[in-house]
Amino acid sequence: MKKVWLKFILTISLFLVISKDLSSQEIVDIRILDNDNGLKERIINHTIRDKEGFFYLFQENTIQRYDGSNFIDIGTSVLNEDQINLSDLSRVKLCPEGQIYLEFNRQKFLYQLNTKTRFIERFLSGSFEQVTLSDSIVFKNFKKDGLQCFMVSEYQEPNVENQAFTYPENLDNIFKIDEDFIVQKNQIVTKISKNKKQQLNQEGSLFKSSHGLYLFNNKGIYIWRDSKFEILHTLDLEEKSSCKLIRQDDQGNIIACFSDRPRYFHKVLVLDKNHELLDFSKVLTINDKFKDVFSNDVFDKWMTVGYNGVQIISWLKSGIKFFNKDYRVQKSEFGNLVTDVSVDKNNKMRFVREAIGIYHIDSLSDNVEEIEFKNFKHRANSKFVYHKQSDYYFLFGFRYDGRSNLHRINFKNNSSEFFELPIQLNDLHPISKNEVLCVGHSNKNGILGNFNIQTLEFETILKFDSKLRSISHFPELQQYWVGAYQGLYVYDENFKLIDQFDHKSEFPEKLLLKDHVVTAHRYQNKMILGLYGGGISIIDLETFEVEKNITDKNGLTDNNAIGILTDNLGNLWVSTFNGINVLDSSFRVIKKIYDYEGLPNREFNSRACAKDAEGNLFFGSLNGLAKIKPEEVLKWTSSEGLSIKDIKSYKNNLIPQDLDNYSDFYNTVDSIIIEYDTPDYYHYPFKNDVISYSIKEGNFKSKLSPSKLVLSDIQPGQINMTLTNGHISNTKEIVLTANKDYQFLIKFVSILFTCGLIFFIISKYIIDLNKNRESEKTKLNKRISELRLTALQSQMNPHFIFNALGSIQYFIQTKNIDKADSFLTKFASLMRLILESSKSKFVSVEEEMKLIELYLSLEQVRFENKFDYKISIDPEIPNDVLIPPMIIQPFIENSINHGLFNLKNRRGEITIVLTNMNEKQLKINIIDNGIGREKSKEFVLKKHKSRATQIINERIETFNANNNLNIEVQTIDLYFENEARGTEVILTINY
């Protein structure tokens with residue numbers, strides 16, 4: 001507790017010193033962090049900020065990450081393994097890609113701080129004597145051929161040729177400028193060009209920024225141009241003074257800290273990006289023993305670290321000033337409370353303090369002067385209203401007896417007249433220099449009345465059930481808008497009620513979030529209401545409907561909106577009990593301004609605001625008056641960073657599921673919550689950091705609040721959005737894919753599928769059972785058919801054999817032994833062929849034709865050469881074509897026995913032609929020139945049946961029924977001049 005009071009006393013003392021300092025740089029806020037706030041150690045040697053906005057504090061034995069309120073330890077186990085002490089850390093560098101590199105004194109290694117894993121990792125190692133970190137990474141190598149060598153590489157493994165030169169080891173700095181190297185050791189600066197050294201006249205500290213290479217010493221600041229250092233600014237510091245610390249912000253402004261004794265700084269200068277030199281030595285009144293400094297914007301905030309922890313300093317930024325602030329009071333206390341501010345037609349700015357006094361601000365010098373009145377002091381001041389037509393001011397003050405004081409002021413002669421009103425006055429509107437419309441209350445009733453200064457009469461125009469708070473007249477609308485503690489009333493100029501709004505209205509379009517209406521401000525075709533506790537309500541003047549409400553839920557810093565102005569750029573400025581908000585024409589909050597940025601106080605007074613002819617805005621607070629130049633303030637950049645902490649989806653039981661960028665999820669989730677962090681120098685408890693975002697693609701509802709963005713009612717498709725925050729150019733792309741949820745359909749289909757599968761299995765079992773039975777039956781039938789076919793074939797063969805044996809018997813009986821012997825030989829060969837073919841269901845065409853030719857030769861002998869035969873085979877018939885065996889022979893036998901045997905008047909002929917019709921069809925023609933089928937019937941015995949014909953027909957039917965081919969038989973009677981001249985049998989085999 002004692003330490004807290006000491007810190008408070010120190011801060012107050014510093015502010016008292018600051019208020020008397022004549023330096024142009026003004027400190028507006030100081031935050032001190034030590035062990036009580038979460039630091040592990042008091043001494044901090046280095047600090048740096050990463051791309052997401054997190055700070056890293058390098059202490060004697062620990063590294064901690066700081067986000068503005070919390071500290072997290074960084075893993076340093078690799079340094080312990082390498083026996084490296086953090087106290088030997090000489091330089092920390094953030095490279096353009098975002099990695100943080102660490103250089104240690106007299107070490108051969110370079111280390112990287114992995115900001116994702118929050119661990120130190122080895123980055124480079126090797127046979128180097130030393131690693132030096134600069135704008136590039138410079139690797140100092142071992143001696144070679146008696147010379148000291150080094151290599152240069154841009155944040156990567158070295159892959160550059162050595163450049164050798166003789167120079168002492170352990171350089172402090174080295175920079176590559178074109179083909180030259182500028183090196184520094186112990187303040188001595190040397191140029192090395194083509195292996196030649198040239199010691200320069202100047203000594204000092206080197207620093208390379210985005211604008212060039214600079215040299216700092218006690219005599220001046222120099223820049224490298226045309227292969228030499230040229231003077232930029234001349235300094236007149238003590239001989240023993242030297243520049244010990246140099247840093248650069250994001251805009252290219254350079255901080256140079258000079259020391260004339262160990263551990264202390266005595267001068268801090270800023271060389272801005274335009275090479276203007278500014279004195280920031282006021283920072284030394286906070287701490288003159290810091291060891292490192294960091295700033296993203298030197299004109300905004302600094303973080304200094306050293307022997308006493310962390311100091312966060314906020315500077316008064318360009319575009320804002322404050323007047324009449326009392327530094328002796330705490331921020332929670334009332335100081336010089338400014339109750340109202342007003343501008344007359346001559347652009348003279350005046351304001352009043354609550355306790356006492358009326359003040360004037362000189363427009364040229366910005367000096368504040370109290371206006372003296374003859375024998376009179378204005379006390380207990382409230383509203384201060386100017387009447388342009390009469391050039392009079394009206395000021396009223398509060399009393400505790402239910403009455404009010406009214407003053408009519410003429411600043412031309414500094415005269416003030418006093419009047420007493422019978423009501424507790426809260427606001428007024430001058431109609432003329434002698435008539436004033438007054439709103440307030442008497443007891444619990446609201447009163448709207450007219451006070452005549454000449455007659456001293458007060459006329460009550462309207463009475464209300466609730467107290468009245470404000471009155472605003474809009475001549476162009478011919479309307480009065482009267483704000484009450486319980487709603488808003490709109491009247492015409494004859495005080496006829498036009499409309500009203502409150503938080504109990506049964507009509508949604510007339511509904512206010514809160515009833516207490518503090519102010520009404522016309523903006524384009526809208527009326528903007530400032531509500532006490534209800535933020536802002538926007539009313540469309542054409543429809544008289546509440547169009548939109550804006551609160552702290554969607555951007556405001558506070559729900560007490562008590563002052564509204566429009567700047568010359570078309571933006572709305574809203575003062576609250578927690579800073580000032582700026583809204584653009586779409587009513588989006590684009591800027592938030594707090595006291596640590598230059599406002600005299602966070603809490604402002606009701607309707608204490610005005611705009612002068614130059615467009616400057618003035619706001620009265622609980623401790624001083626703020627002057628704002630909107631065009632400059634709107635250029636301010638924020639110091640917050642942006643880091644995506646987590647992305648989760650929630651559904652039904654609210655069990656979260658982690659999502660990463662480019663992750664898929666079902667659109668039926670209840671919500672997607674994107675948690676984010678806005679790391680900053682310091683997180684003020686009263687500040688609600690809300691990022692901005694833009695939607696590139698996606699259909700969903702979104703709700704933004706501090707620390708999270710909630711997406712709901714998500715439609716299928718891709719979500720592509722950009723989150724932005726802070727001036728460190730931190731942008732985050734969020735890409736997610738919302739897949740249509742087919743889970744219910746999948747479940748339904750799964751049930752159907754399961755039922756179908758069960759039905760299918762049962763049906764398949766029954767079908768397979770029947771199939772097996774049918775298969776067995778088919779196999780049995782097929783076997784029967786095959787046996788039947790074999791039987792038919794075996795029946796046909798004996799028939800032929802019987803006829804052949806009859807011929808042999810005939811030759812023997814006629815004692816023609818030679819013919820019998822020759823016939824018997826051929827018969828044996830034929831029988832062998834028949835027996836071989838009978839073993840197969842199919843034979844080749846070649847084999848079948850051998851059998852047919854042998855058969856015909858035997859029949860030719862048996863019939864004593866009464867006929868000739870001819871066999872013609874199509875050469876296009878493939879070799880692998882198969883036909884049933886003995887399929888042709890029965891037809892030839894019929895031709896011989898029935899067509900040629902009884903032929904008398906001509907020699908018999910049999911022609912056999914095999915033709916390949918196509919790859920799936922073979923045609924066989926058997927042609928004889930016999931007596932024809934009709935005449936042959938005369939020679940057939942009545943009881944004789946042709947077994948050959950019957951057998952071949954049955955055989956063909958069996959083949960067709962049980963094989964993958966079809967045999968067609970066509971018989972054609974041949975005629976010549978109406979006389980039968982033979983028969984043609986056409987066999988067509990379809991494969």
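**Salt bridges across the chain**

At 29% relative accessibility, Arg 247 counts as partly exposed (that is, between the buried class, under 20% relative accessible area, and the exposed class, over 50%, with a 1.4 Å probe and protein chains only). This is a predicted model, where local features need pLDDT of at least 70, side-chain atom pairs count only at pLDDT 80 or more, and totals for chains, interfaces and linings use all residues. Residues are numbered from 1 along each chain as its sequence is written, and side-chain values use heavy atoms, leaving out hydrogens and water.

**Overall tally**
- Searching the whole structure turns up 38 salt bridges (a side-chain nitrogen of Lys or Arg within 4 Å of a carboxyl oxygen of Asp or Glu).
- Asp 300, Lys 301, Lys 317 and Glu 597 join up in a network of salt bridges.

**Arg 247 and Asp 292**
- Arg 247 pairs with Asp 292 in a salt bridge at 2.8 Å, N to O.
- The two sit 45 residues apart, with Asp 292 in strand β26 (residues 290-297) and Arg 247 in strand β22 (residues 242-248); helices (H or I, at least four residues) and strands (E, at least two) are DSSP runs, numbered from the N terminus.
- Asp 292 is buried, at 1% relative accessibility.

**Arg 122 and Asp 82**
- Here the side chains meet at 2.7 Å, N to O, in a salt bridge between Arg 122 and Asp 82.
- Arg 122 belongs to strand β9 (residues 119-124) and Asp 82 to the loop between α2 (77-81) and β6 (89-94), so this pair links distant parts of the chain, 40 residues apart.
- Arg 122 is partly exposed, with a relative accessible area of 45%.
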